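Trainee: Could you help me see how the labels for a protein model follow from its numbers?
Mentor: Gladly, let's look together.

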Amino acid sequence: MDGLVIKNTGSWYVVLADDGREISSKIKGNFRIKGIRTTNPVAVGDRVKLTVNVDGSGFITSIYPRKNYIIRRASNLSKESHILAANIDRAFLVVTIDHPVTSTTFIDRFLASAEAYNVPVTLVFNKIDLLCDDDARELLESVDYLYSSIGYDTIGICAKNGNGVDDLRARMTGKINLLSGNSGVGKSTIINELVPHSGARTAEISLLHDTGQHTTTFSEAYRLPGGGWVIDTPGVKGFGTIDFRRNEVAHYFPEIFKISEGCRYGDCTHTHEPGCAVLQALDEHLIAQSRYASYLSVLEDSDPDKYRKPF
């Protein structure tokens with residue numbers, strides 16, 4: 001029997017079988033160790049083959065080939081990865097300019113991973129109603145312009161009062177969508193607006209640290225009323241990239257990759273080489289300093305010695 005994984009609860013997975021049943025399933029036997037270096041070899045969004053037991057539970061026996069997925073390093077000292085979701089039509093990264101602040105480094109790392117695994121991304125600027133002063137609004141405009149000028153789709157919303165949610169819903173209808181972002185940016189509130197009666201838990205922001213609390217423990221797919229799915233994922237603080245080759249990192253920063261065509265050397269790392277078109281463009285302010293800094297940080301992630309554990 002075939003089905004779609006719609007929830008991951010750690011050791012169990014909920015699979016929506018093609019006959020309409022939701023079947024609590026586990027991974028069968030040594031499936032977990034077949035060369036898959038992830039904390040979750042099965043991800044929400046996976047199409048799987050399963051067998052159903054007499055008691056109604058199931059065993060996942062294989063995964064159908066994925067068209068794409070979003071993956072991040074499981075921890076700063078780990079070579080393991082964690083797959084956020086698979087077979088995604090579009091990822092929606094929820095960011096906030098304030099309360100809490102989403103760093104451009106986090107945004108850039110997510111975007112680079114999405115580029116690497118062929119997942120289109122929309123940046124969702126949430127809580128825009130809380131930007132009460134001119135400086136905050138100007139910052140929103142500049143960050144929005146930065147990413148839209150590169151070619152990324154952006155949208156501004158206020159999930160708490162519903163403003164902009166209809167436009168967001170229109171982008172998602174009929175597709176499999178991933179919703180991701182830092183804790184506290186309002187993902188659960190967005191889910192509750194998109195999927196009435198979903199019951200996604202929300203929490204207040206810490207006034208002391210201006211950070212969110214984890215309200216989503218495991219990834220779960222919610223069926224959209226107009227068709228399609230939205231996958232809610234636990235909030236993440238950082239986004240460690242994994243399995244990038246140093247000479248390919250620039251490919252995942254579209255504006256850097258385009259300008260790199262003018263570099264003197266084909267294997268240019270854009271860090272020190274003479275005749276580097278990227279460094280020249282940086283000096284001429286044709287590439288944002290924040291984007292270049294993020295490029296360097298991902299380049300450092302790709303150093304094979306960075307995550308080597310000490311003996």
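Mentor: Let's begin with a definition: buried means under 20% relative accessible area, exposed over 50%, and partly exposed in between (1.4 Å probe, protein chains only). This is a predicted model, where local features need pLDDT of at least 70, side-chain atom pairs count only at pLDDT 80 or more, and totals for chains, interfaces and linings use all residues. Residues are numbered from 1 along each chain as its sequence is written, and side-chain values use heavy atoms, leaving out hydrogens and water.

Trainee: Why is Pro274 called partly exposed?
Mentor: Its relative accessible area is 45%, which lies between the cut-offs of 20% and 50%, so Pro274 counts as partly exposed.

Trainee: Which residues is Pro274 in contact with, leaving aside its neighbours within four places in sequence?
Mentor: Pro274 is in contact with Arg264 and Tyr265; contact means heavy atoms within 4.5 Å.

Trainee: What makes β12 and β13 a pair?
Mentor: Two strands pair if DSSP finds at least two bridges between them; strands are DSSP runs (E, at least two residues), numbered from the N terminus. β12 (residues 220-223) and β13 have 4 bridges in the antiparallel sense, so they pair. Glu220 stands opposite Asp232 in β13.

Trainee: How many bridges join β11 to β13?
Mentor: There are 4, and β11 (residues 176-181) and β13 run parallel. The bridge partner of Ile176 in β13 is Trp229.

Trainee: What covers the picture of β13 itself: are its faces buried or exposed?
Mentor: On β13 (residues 229-232), Trp229 and Ile231 on one side and Val230 and Asp232 on the other are all buried.
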